[in-house]
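Colleague: I am new to this structure. Could you take me through it, please?

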Amino acid sequence: MNQTERIESDVLVIGGSGAGVMSAVAAAREGARVVLVSKGKVGKNGNAIMLGGSFGVDGQGARDVCGEAEANQEYTAESLFHKMVACGFGLGDQELQKQFVEEGPPAVKELLDWVKECGSTFVFAPKACRWRAGGVAFGSALRHGLTSHQEIEAYEDTIIADLLTSDGQVCGAIGFEVFTGRLLEFRAKSVILATGGWQPYELKNTNSDMTGDGIAMALRAGAKVKDMEFLLAIPTIQEPLYAKGSILPFQMTMPNIFPLRHKATDLDGEELVYSSDPRYKTNASNSKVKKLLYCAFYAPGMYAKWDRYGNRFYMDYSAYTDQEIRDGFKTFYQNQHWWHGKDRYHHIDLPKLAEEIIQNKKRLMCGFGNEYSMGGVVIDKDFGAGLPGLYAAGEVTAGVFGAFRSGDGLTEMLAHGRAAGKNAALYARQVRQLEPENTAQALDRLLAPTQRGQGVSPIEAWKKLESICEEGFGFIRDGQRLQKAYEQICELRASLEEMAAPGSRQYNLEWINSVLVRNLALCAEIGIRSALDRKESRGCHLRADEPQVDNQRYLFSWQAYLEEGQPVYEKAAPRAPYLPLDTKNYPSVLDCIADTILGG
Ligand SMILES: Cc1cc2nc3c(=O)[nH]c(=O)nc-3n(C[C@H](O)[C@H](O)[C@H](O)COP(=O)(O)OP(=O)(O)OC[C@H]3O[C@@H](n4cnc5c(N)ncnc54)[C@H](O)[C@@H]3O)c2cc1C
């Protein structure tokens, strides 16, 4: 039975995490009838629940709007804006960055109220104007925010596969319930994409939601995407396997949380040198730059042995005694105890891990895992996604952070979610519900794998995709590997036309994966191609064969759209109405960071 059930609303929100909940609440506040659809349970899926660190706003906003009397007033809105512009390596959209700074405090305040109402604790760090928090507590607050608006209708464990359109205008979406396979047709006057980003690697530090669904469905509907080559990477556990994917190693680099300092080495024990040059000294308000510094400093040593060891290095604590290591983890736990079970960080048993590190010559095997994808759907200053009726907010979008995310993804999703929700509701007030033209086509595409008895396994295809990206599209790249990865991903994406997922639609994992891998492959193809054609290094795009930051030739975003299913690429100049763009060239990303971010 391929019959769909129809659900109508003024505003349809796709995504059940921060950007989704915030935009749904904001749209409801404007009087819109809102339906929210989430792949998993609201507040228990998406990247936000992975949070292991903090998020912040400027000092005045933290004090006057969020009520933190001790907030550092030297950390001004202006300095936050300047930092974001510099960290974007010129590619950030200054209008969106300005809105991030201005709209952050009221949106964070709304979240903090929910936190208080559900009895959780977020710990404010006054110097850096940041709230430290845990993912579960964050998720609970979001769930509380949504459920306190009973008028919002939520469809959980439901995957949206495609947008519905009428003459170029977006008027709904098609999806299905994960567990029953029931087909659902959502009709709405406006649609907000809040589906988060994408992680194409084998070493992943999040859950299975991050498949770039919103980016891919926006492309198929006629929208544009940009900056897909920029993926933020941070130290993440490779081994022990039970802890693989944890961002604990990055947390362990923070002196205020973990008292021991590591030495990084490759797998032969050769040091990966992090320069002690004072030009690379960070402070509380720009400590996020360290993420990029670790990548840039460790990249040459890891690249030299990539064929042998790939994305692996050690964080070495052999300078410390066994007891110092045990005590270090005790301190770490003390600094995190509000959000995790006794002696745990997320699911990891910290004393057990400490013993294993001691046994392993006091080393922890890590790699660079992908925390955030800077690229995504191109939006305007009203969060419109280029097609009438379509809006987007949060990590699914591009433009806020350019080539490197310096501000907080969590603040972005709250601030921009709120604004997108309001704008989508205002738009919905002015238009009538349209009759979609592409329902049958979208359903055919969705159901084709279930009608094929034999063919490509979506699960196997996904594994192949991850190994292609891990090998050729990692945090350190070169032209040769990118070229190979590009050829492989194009071949893989073509093969997905033959995916087979026979059997019932009830919790058919192959079928579910057929929807997701198709999206991830499209994102990966565009990301790899953009990286290949960016013959320089910039932000999180580090090329061993092209180390220079070439502002003369590459101060633009690679933007893509689809023509008959194939990506077409064009250059897009950054929008810079407030601060002039830096047109100087630099020998490397590290030199650019020293001059424009830390020293500038
Ligand atoms: C390990 C880790 C740690 C992080 N730590 C921090 C931190 O300390 N501070 C910080 O500021 N940021 C942090 N981030 C980044 C931050 O979590 C993200 O920027 C933020 O969660 C993005 O919010 P979002 O609402 O846009 O997307 P997400 O939180 O990723 O949510 C996306 C939502 O869309 C749903 N969805 C996706 N596709 C579909 C579909 N097809 N149909 C229906 N629903 C769909 C998902 O299920 C989910 O509900 C971290 C990220 C990771 C991975």
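**A walk through the model**

Modeller: Let us begin with strand E11 (residues 231-239), where eight of the nine residues are buried, so that the strand is mostly covered. Buried means under 20% relative accessible area, exposed over 50%, and partly exposed in between, with a 1.4 Å probe and protein chains only. Helices (H or I, at least four residues) and strands (E, at least two) are DSSP runs, numbered from the N terminus.

Colleague: What kind of model is this, and how are residues numbered?

Modeller: This is a predicted model, in which local features need pLDDT of at least 70 and side-chain atom pairs count only at pLDDT 80 or more, while totals for chains, interfaces and linings use all residues. Residues are numbered from 1 along each chain as its sequence is written, and side-chain values use heavy atoms, with hydrogens and water left out.

Colleague: Which strand is joined to E11, and by how many bridges?

Modeller: Strand E16 (residues 363-373) is joined to E11 by eight bridges, and the two run antiparallel. Two strands pair if DSSP finds at least two bridges between them. Within E16, Asn370 is the bridge partner of Ala233.

Colleague: What follows E11, where Pro240 is placed?

Modeller: Pro240 is in the loop between E11 and helix H7 (248-251). The peptide bond that joins Glu239 and Pro240 is cis, with omega about 5°.

Colleague: Now the ligand. How many residues surround it, and which are the closest?

Modeller: The ligand is surrounded by 40 residues, and the closest are Ser17, Asn45, Asn47, Ser54 and Asp213. A residue is near a molecule or strand if one of its heavy atoms lies within 4 Å of it.

Colleague: How much of the ligand's area does the protein cover?

Modeller: The protein covers 99% of the 1,000 Å² of accessible area that the ligand has on its own. These areas come from the Shrake-Rupley method with a 1.4 Å probe, and for residues only the protein chains shown count as cover.

Colleague: Which elements give two or more residues to that shell?

Modeller: They are helix H1 (18-29), strand E3 (54-56), strand E7 (158-166), helix H6 (213-221), E16 and helix H12 (409-430).

Colleague: Let us turn to helix H6. Why does Leu219 count as buried?

Modeller: Leu219, which is in helix H6, counts as buried because its relative accessible area is 2%. Leaving out residues up to four places away in sequence, Leu219 touches Val225, Leu522, Ile526, Ala560, Tyr561 and Leu562, where contact means heavy atoms within 4.5 Å. The C-alpha atoms of Leu219 and Cys523 are separated by 9.7 Å, and these residues are 304 residues apart along the chain.

Colleague: And Thr158, is that buried or exposed?

Modeller: Thr158 lies in strand E7 and is buried, with a relative accessible area of 2%. Its side chain reaches the backbone oxygen of Glu156 at 2.9 Å.

Colleague: What comes between E7 and E8?

Modeller: A loop that holds Asp167 lies there. Asp167 has a positive phi, near 50°, and is a residue other than glycine. Asp167 is exposed because its relative accessible area is 63%.

Colleague: Where is Lys361, and what is its phi?

Modeller: Lys361 is in the loop between helix H11 (350-359) and E16. Its phi is positive, about 55°, although Lys361 is not a glycine.

Colleague: Last one: what does the side chain of Asp10 reach?

Modeller: Asp10 lies in strand E1 (residues 4-14), and its side chain reaches the backbone nitrogen of Arg33 at 2.9 Å. Asp10 counts as buried because its relative accessibility is 13%.

Conventions. A polar contact is a pair of N or O atoms within 3.5 Å; within protein, one must be able to donate a hydrogen and the other to accept it, and residues adjacent in sequence count only if both atoms are side-chain atoms.
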